[in-house]
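Subject: Structure for you to look at

Hello,

Here is the structure I said I would pass on. Please open it first, then read my notes below.

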Amino acid sequence: MISGTRFRFSKLKLGVLGLVGLGPVFLWAQTSSTDAPWFGAEVYIEPGQRAADIDTWFRRLKEANMEVTRIRLTEQYLRAPAGAWDFTLFDAAYRSAEKYGIKIYGNLSPSTGGSEVPRTEAQWQDIADYVKAVVTHFRQFKSCYGWVPVNEPGISRSPDEEFTRNAFRKWSEEQPPLGYHSHGYATFNFAEDRFLLDFNGWYLRKLVNEIRKYDPSGAIHVNPDAIFQKIAVCDLRSWTPFLTSLGGSAHASWHFGYFERAQYAVAVAANCEIIRSGAGRLPWMITELQGGNNIFSGTAPMCPTAEEISQWLWVTLGTGGKGAIFWCLNPRRAGYESGEWALLNFQNEPSDRLRMAARVAQTVKRDAALWANAVPVESGISILYTRESLWIEGKLTPPSIGFEGRAPGAGIKSALAYFEALGEMGLQARLQAIDDTDFGQASYAGRTIILSHQISLPSRSWKGLEAFVAKGGKLIVDGLTGFYDENGFCVMGDGFPLEKVFGGSLKEVQLIGNQFDVALLEPPLTLPAHLWRGTIQPTTAATIATTGANATAVRNHFGKGEVIWIPSLVRLACRIKRDYRPLAELLTREINGASDTPFRFAAIQPGMLMKTLQSGASYLTVLINKGPEKATLSLKGEAAARTPTLLFADLGGGLTSGNISIGPEEAMVIQWK
Amino acid sequence: MISGTRFRFSKLKLGVLGLVGLGPVFLWAQTSSTDAPWFGAEVYIEPGQRAADIDTWFRRLKEANMEVTRIRLTEQYLRAPAGAWDFTLFDAAYRSAEKYGIKIYGNLSPSTGGSEVPRTEAQWQDIADYVKAVVTHFRQFKSCYGWVPVNEPGISRSPDEEFTRNAFRKWSEEQPPLGYHSHGYATFNFAEDRFLLDFNGWYLRKLVNEIRKYDPSGAIHVNPDAIFQKIAVCDLRSWTPFLTSLGGSAHASWHFGYFERAQYAVAVAANCEIIRSGAGRLPWMITELQGGNNIFSGTAPMCPTAEEISQWLWVTLGTGGKGAIFWCLNPRRAGYESGEWALLNFQNEPSDRLRMAARVAQTVKRDAALWANAVPVESGISILYTRESLWIEGKLTPPSIGFEGRAPGAGIKSALAYFEALGEMGLQARLQAIDDTDFGQASYAGRTIILSHQISLPSRSWKGLEAFVAKGGKLIVDGLTGFYDENGFCVMGDGFPLEKVFGGSLKEVQLIGNQFDVALLEPPLTLPAHLWRGTIQPTTAATIATTGANATAVRNHFGKGEVIWIPSLVRLACRIKRDYRPLAELLTREINGASDTPFRFAAIQPGMLMKTLQSGASYLTVLINKGPEKATLSLKGEAAARTPTLLFADLGGGLTSGNISIGPEEAMVIQWK
Amino acid sequence: MISGTRFRFSKLKLGVLGLVGLGPVFLWAQTSSTDAPWFGAEVYIEPGQRAADIDTWFRRLKEANMEVTRIRLTEQYLRAPAGAWDFTLFDAAYRSAEKYGIKIYGNLSPSTGGSEVPRTEAQWQDIADYVKAVVTHFRQFKSCYGWVPVNEPGISRSPDEEFTRNAFRKWSEEQPPLGYHSHGYATFNFAEDRFLLDFNGWYLRKLVNEIRKYDPSGAIHVNPDAIFQKIAVCDLRSWTPFLTSLGGSAHASWHFGYFERAQYAVAVAANCEIIRSGAGRLPWMITELQGGNNIFSGTAPMCPTAEEISQWLWVTLGTGGKGAIFWCLNPRRAGYESGEWALLNFQNEPSDRLRMAARVAQTVKRDAALWANAVPVESGISILYTRESLWIEGKLTPPSIGFEGRAPGAGIKSALAYFEALGEMGLQARLQAIDDTDFGQASYAGRTIILSHQISLPSRSWKGLEAFVAKGGKLIVDGLTGFYDENGFCVMGDGFPLEKVFGGSLKEVQLIGNQFDVALLEPPLTLPAHLWRGTIQPTTAATIATTGANATAVRNHFGKGEVIWIPSLVRLACRIKRDYRPLAELLTREINGASDTPFRFAAIQPGMLMKTLQSGASYLTVLINKGPEKATLSLKGEAAARTPTLLFADLGGGLTSGNISIGPEEAMVIQWK
C-alpha cells in the first residue's frame, strides 16, 4: 500500500472503537471468505400490505432456495401518528423471516427530507435517535442478520449546509501540509474531492458507531452504486475496518451507461472486480441486482431476461462473490417504481427470472462446499485506475465534448476496454484503484499492470510503479496516462518523473480525429486509435511504431521488467468499434505469464467471457456467450489434463470430446477435477 | 357524470350569480347550436396605426365574407400618459366594425407584467378596475358582441405568489376528505394538480363576474390553447355555466408538436373534438386559427397553404364547429410576431389564404340554413383520456426517456392514434375526458369506448366502466391502461378492481424494445407494438393472443358487453410507424355498430379523413385527402341510396357514377339528399 | 460615416487626453501601415518556471525568425506573500527578450476574481493600482514594446453589479432623445445593447487612460475574440483613437463554430476583414492564432497542421495584416490548457508547426520592403452587416429553432456565404459594419454593396444606401434584409422607406422549407434558397424571377445605380449545401467592375481562396487550395501581362507556362512584376 497518507481523516476514532477485527465474533455465514454463497431478494415493505402478503413473499424466497433478504426500514413507515414508533408492519416481516429461515439485513432509512447526509447537527441527532430505536427493536429477532447503515452510500458533491460545512472545516484543520507541490506551479485545488473521499468513509463509520452502541455483533454491509462513477468519491478499501462484508448495487438500467446491453455481463464482472478489490480480505456480494422490469425508472430501461439473470449470478460467483440479493422480490405498489423491478408477478407467482435464480441457487447448494472454498484464479494482470484521473476529467470537462475521448468517463472506459478484451481471451484481470495496489513485494515477475488513459498518475504512485517494473513487472501504458500529476499539473516536459521507467518522454500530443491507426512493427500489428496521437522522444526505449520520423510506441527494459508505451487511445478506439481482436493480439504477445493461466480460450472469442475459480483440487470455469451464435471452443492450459463435469448450462450447451458447445446467451459452469 | 366531487371549488359563488342559463337572453348569433357558422380574423390594433388603415382592415373582413373579429384590448395601448384612459385608437376599430357590420369580441388584456394571473391581491384590484373601464366603454358600440375574459386561459404551474398562495390555502381548507385512499398505501399527492384544475376555472369565473357587473348580457367566450397538454389543467366542461360559447387556439406552428405536417388536418379535428366535448351543449368554434407565416415565432414554423386553410375550416365545420377566427388579419408591426401570421399581405391585399377562407365562407353562406342545423353524426365511439394519466406522466417523467412510450404525452398520443385510424376509416369518434362521459344510461348497446394507454383510471371511474360494459358497451383497452389509480398507486396485483370486467388481471409487464408484434389468433392479425408487453392471467376471459405460455390479449364477455384487452402499446406503435392498417382491421372487427354508420370508407384510406354531419334530411360529408396522390373511392352505407351534390372542392375533385375523386391536399364537401 | 450619433459616450474625455494622433511619436515598427509584418508567439509565464527555461523560449523565438511576443502579466503571479510585488519571474522574460531582440506586448491581467470588468468602484481602484505598478515597472525594459490593456475585450451581457450599474445610469442620463421612433409604434428597447457597445469602448479607453499616466508613448493593442459574435457588442472603429494597432484572437477551435475545418482558411480571411475594417487607418495583426493541440480546451478541438499554419499566416498577410502572434510558444503546465496549444514540443524543440511559421517569417523577411508596402487590392465590393440584425436575432430567438435560417447567426452566416463565394472566384471583398461604411463620396461607379439577410437596416442607414445607389453603386440584396428597423419594427408594408431605391416593396414572406429554388429568368439561373420565400410588389423594378403570378426577384434602376433584390435566403442555402457555383455565376453577372480586378480566377474554383496585394509596381497573390485535389488553373486580368515569381509554396506547387499548379492544402505566394 502506497497510500499511507490518504486515510488520515478516518483514523480519528478507529482505535477507540476497536472496530477492526470484529468480524470473527459472528456466528452466521457470509462473514468469511470460506462461507458458501447465498442468494436473496429484497422484500419491499410499505404500509397497506397485509401480514399474509408478507408471509407469502418470505415463503416464495424459501421456495426459490433463497436464504437472505434486505429490508428498507423506512422511518416514515415506522412512525405512529404522535411521533411514537409502530413496528407492527416490519415485525411481520421479521417474524415471517424466522418462520422460513431467512436472514434479514435491515437497511436503515431515516427521514432526512431527501438528503443523503444530514443537513444540520440537529438532524444528525434525529438520525441517531432513529438508529437507536430501530436497532434496539429489530435485533431481538433471530432473523436479524445485521445492518446496512445507509442505502447506496457516497455523496458526489458537498452540499453547502451546516453538517457538511462543519465536517469540511474540521477536515481542513486536520490536513497536514501536502508534501508535494508540483514544483511550485500554481495548480488546481482538489481539496473538495479529497474531502468527499474521506467524508464518505467518515460518515459511514459514524453511522456504524451508532449501530454498534446497540448491536455490537450484527453484520454490517454497504452497497455503493454506480460504481464506475462513484469510485471518484468512495475509497472502498478504507471502509473495510468497520464492515463485515462489502456489496454494491449493480442495476443495468441505472448504472451501466458505459455499456451496451450485450455487454451487461462483462459490466457485472467489472463492477464485481471493483468491489472485490475494495473488499480486500472481507467477503463481498452484490447487494442489489436488477430483478425486473422498468416502466418510468432507469436511464436505460429494460426487463432482464431469465438468461441475463443466470449470467449475472454466475459472473458474480465467478469473480469470487458470495452471492447476490435482487432488487426486488415484490413490486412496490405506491410511489416511485410502483409496479416495477420485481421477481414475482402480480399474482405473487415466480417469474421466469425468479425460477432461473432459484435454479442457480440450487446448483450452488448442491455443491456447497465446492463453492464455499472457491477463489478466483489470479492471472497476475491488474488494470489500475486513479481517482485523480476522474477528478481532473471533472474539473476540465470541456464546454463542448465533440469526441468520446474527452468526455467524462474516458479513463474508466479505456480501462474497461482492456477488461473486456481480456474477458474475450478467457483471462481474469483485477480492476482496482492504484492506491489499493501493493507495490512492496519482492518480485513482480509474471505480473502485468495496465494503465490505460489514466490521465493522472499521482506523485505518490511514481516510486511504486518504478519498483514494480524494476522488480520484473510488465507495464502496459496507453493514452494520455500520466499526463498530469494529482494537481492537474502537466508533468510532460522537463522533469518527467517516469522518464527512466518509460525509457523516454512525451514529445507531442496531437488531435488526429475520431479514428486513426498506430501500426506496430515486427511483427506488424495495426491498432485502431482514437482522438489523440502522442509521439515519444525515446531515451533508452526501443521504438516499436512510428509516424514519419516520430516514435508513436516504445518498449523499454528497466531493471528486471519492461514497459510498453503507446500514448494514443488504442483501447478506447477498440471499444468504440466493439472489436477487441487487435487488442487481444497485443495482449497475447505482451502479457507476462499469460500462458501460465490454467484456463484460457485457445483463440479470442468475440462476445464471450470466462471466469476461473479454484476450489481445493478442482477448477471451476464460468463461461458466458454473448455473441449472436452458438460457439464451439476448446480451452488451453489445464483443460486437456483434467476431467470436466458440467455443473450448469441453461440453454442446452454441453461438453463433447474436449470441446465446449455453448449457445448464444447461455451461461455454463464446468468443474475440472 | 361520475365526477361529482371534482368541482367543489367552483360551486362557491355559482348560485349567487346565477350564471347558468344566461345564454338564452342573447339576441345575436353564435349562442345556440342552431346558429349558422361564421368566420373572422383578428384585427390587431397597436399604436402607430392610422384610422384609415383600421378601416381598410374591416373592409377587407367584409369583402372576405367575414362577420366577426376579436380585438386584444391591450391596457398599455389604452392608457394616456398620466394614467388616464385614451380609447381613441380602439374606438376607431369598433366604429369601423359598425360600418361594415362586423361583430367584435373584446379580448381583455390588462397589464400584469407578463403574469398570466395576478401576483397579488392588489394587482387583482387593478385588473378589476381595468375590466370596469374597458367593458363600460366598449359595450356602448353596436359592434360589441361580447368578451374574451383572458387570452388562452389555464396556468400549468401554480406560482409561489400572494394571489395563488391565498387561493391555494382557501382551496385546501375547503377540500373535503378524500373518500378513497389506495387501501392505505403511502401514495403521491396530486393536490397541486387538482388545485390547478379548479383554480383555472375559478379564476375565469372571477373575471366573468367582473364583466357581468357592467355587461350582463354580452357574449363570453374563451380560447384555451395547446389543448393536448392543457387538458391536464383545464376542466372545460366545468367552465360552461358562465360562458356563452367555447373556443380554442389551434395553431399548427405552436400547438401540434405531436403531429407531422401531413397530420395537421386530423390534429385540427382532434383539437375540435376536445373542445366540442368540453362545450357540452354550448356552441363552439376555433378562436385562433393560424392565418399566416412564421418568422421567429412558433416551435414548428410554417406558412399555411391556401389548401390547408380550406382543410382546417372544413374540418372544424365537419366536427360541428360554428366557425373560426384567424390569427390574424393584419400583421403586427412592432414587438414579437411583427410582420408574421397575417392573412393580408403588406399591401393590405388578400393573400391566397384569405381568398380561400372567403370562398369557404361564401360556400357556407350560400346554404346558411343547411349549415346552421348541421350536427355531427355520432358513431357511438368514444376515445377517453384521463387527466390523472397526464399528472402521473408528469410526476414520473424519467431521468432519460429513451423510448417515446415513456415520454410525457404518451397517453394522449396513444389516444390520438385511434382517432387518426378511425379518421382513415371515415368514422367519427368522440375524444373526451372520462369525467365528461355519461355512465348513467340504461343501455350501451352499439357503443364503444377506447382506453388507449391511459395509465391511470381514477377510482371514481371504475363503477362507470363496469356499468358501461354490463349494459352492452364494448371496451377496447390497450397499453398500460389502468395500471395506476388516481394516486399513482399500482392497482395491478391483488385486488385489481376491474378484474371482473376485464376477465383477468395483469401478470407481468416487460420492456421488450422499440418494436415487437402482438399476433392475434383466429383470424390472425399481427399488430405492431411498442416498448412494453403485458401478459394476462385470465379468469373468465378467453385468450386471443399469446407469447409462449402467456396470454398477451384477451376477450371477456361481461354482462351484456365485452372487453378486448391488449396490454401492449399497439396504438402508439402504429402511430410511430404511420401505418394504421392493422389497427383499422382490428377496429373494423371489433367496434360496436361500425357498420351502422351512415357514411364510411369502403376500405381504409391512408392519409384520408372524413367527417359526417346531418342537417334535416340531408347528410353532409367533409373529405380531406392528405395522401400523396389523387384518390378515387366510394362510400359505404347511405351513399348508394342518396343523391350527392358537390358543395365544395378546391382542387378539381368531383363525383362520377358513385365514385368520389379527390386530389392530394383537396378538401371536398358533399351534400347527400 | 453615417453613424455620427452612435459614439456619444466615448467622446466625453477624448479631447482632454488628446489620444488621437499619439501614433506618430513611436519609434518602433508596427505602428504605421508601411511597417513590415512581424511574427511571434506568446511566451506563457507562470511560477515554477526557471529563468533558464524562459531564456530558451526567447531563443526559440529568435531562431524562428520571430520578433514579437505577448506576455500575460497575471497579477497573482506578480504578488509576493504580504501584498508586495515580486517582479522576478517576469523580469527574467523581459531580460531574455532584450537579449534576443524580441519586443513584448505586456498583457494586463489584474486579479478580478474571474470578472471581465470590475464589479465595484473599489475593484476599479485595485485595477488602477495594478496598472500603475506594472506599467511603471516594465516600461523600463528596452524590450517593452507596449501594452494590451485587457485580454479579449468586450462583455456580451451587462452584469447587475455596482460598476456596470453606475456606468449604465450615467450612460442613460447622457443619452439624447432618439430622433426616430418607428412612427410611434410600441417597439422593443435595445438600450442594453446600445449601452454595451458604448461601454466596451469606454471601459477600454478608461484602462488606456491609466496606462498613459505612466507610459505616454508605448504601443496600445487589443485583441477582440469570437469576432463573428462580438461584433454585436464591439464597435472596433470607435476604439481606434486610443489604440496604436488593432488585433484579434482567431482560434479555430474556439471561434470558428460557423465553419467546417476545410473552411478555416476563409474563416481567418473573414476574421481579418472585420478587424481590417475596424482598424480603419491603423495597422492590425492577429494577436492570437492557434499554435497547437487541444486536449480539454476548445469547442471544436483540433491540432493545426503545419499546412494550416502556413495558410492562416498567408491569408492574414494577404488581407493586409502586419503579422501574427501565436497562442502560444510553450505549453502552460498548470491550470486550464496545461500541456496544450504550444508550438514547442515537450523538449522545447520546434514542432513542424513552428518550423513552418519560421519559414513563412523567413520568406517575408527576405523581401521585407515588398511586404512592408503591400496593400490589399480593393475590388469595390463590400459585404455589410448591421449590429441591429444581431440584436434582433438575439431578442427574437425562437423557442425551438428548427431551421438554420432562424438560428442566431443567420445574418452573419449569410454574409459569410458571399465572402466565401467571392473567395472561390478569386475576388477580394470588404466585410464590415454598415456604420463603418462611407456613404458620402461623390460617385459609387464600379462599387458593389451586398446586404445578405441583414434583417435590420437601421433608419440612419436608409439615406446612405439611397445615395450609394443614386450615385452609381450596385446593391445586391437578399433574404429578409431590411425587414425591421433598429427597433424591431417591421418596415415592410405601408411606408417602406427603401421602396424607391428597391423599386417595389415586399408583398409576402412565406416559409417554404429547408430547400427550394428561385429561378432567375433570361438568362436562366437556378439559385437554391432556404426557409423563407419573399414575393415583391414591383413599382419601378423589373421582375427577374417569379413564382406563379408573383415576383420573387427584381432589378431596379435608380439614379445612376441599380439594385438586385431577391428576398429569399439564397446565400445561406448555398452555404448549407457547400456549393457556391450558382452564387458565383450570379455574382459574375452582377458585380460592378468585377472584370476590372487585376487578378481573379478564370472560373470558380471550389475550395480555393485568393487574396491580392499591390506593393509598388508589383502585385502579390496568395492562393490557398482547400479542395481535395491538386488544381491547375490560370488567372484572368494582369497575369498574362506580367512575369510571375514564386515566393512561397509549401507542397511542391509551381508555375509553368502561365498555369499555376497547387496541391491540396498548399499555400502559394506569387509576385507579379
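Two strands count as paired if DSSP finds at least two bridges between them. Helices (H or I, at least four residues) and strands (E, at least two) are DSSP runs, numbered from the N terminus. This is a predicted model, in which local features need pLDDT of at least 70 and side-chain atom pairs count only at pLDDT 80 or more, while totals for chains, interfaces and linings use all residues. Residues are numbered from 1 along each chain as its sequence is written, chains are lettered from A and ligands numbered from 1 in the order in which they are written, and side-chain values use heavy atoms, leaving out hydrogens and water.

The sheet in chain B

Chain B has an open sheet of three strands in the order β23-β27-β26, with antiparallel pairing. Because β23 (631–633) and β26 (654–656) of chain B stand at the edges with a single partner strand each, one side of each has no neighbour in the sheet. In chain B, β26 and β27 (residues 659–662) pair over three bridges. B:Leu655 stands opposite B:Ile660 in β27(B).

The interface of chains B and C

Contact (heavy atoms within 4.5 Å) takes in 34 residues from chain C and 29 residues from chain B. The rule finds two salt bridges across this interface, a salt bridge being a side-chain nitrogen of Lys or Arg within 4 Å of a carboxyl oxygen of Asp or Glu. C:Asp494 forms a salt bridge with B:Arg50, with the closest N and O atoms 2.2 Å apart.

Regards
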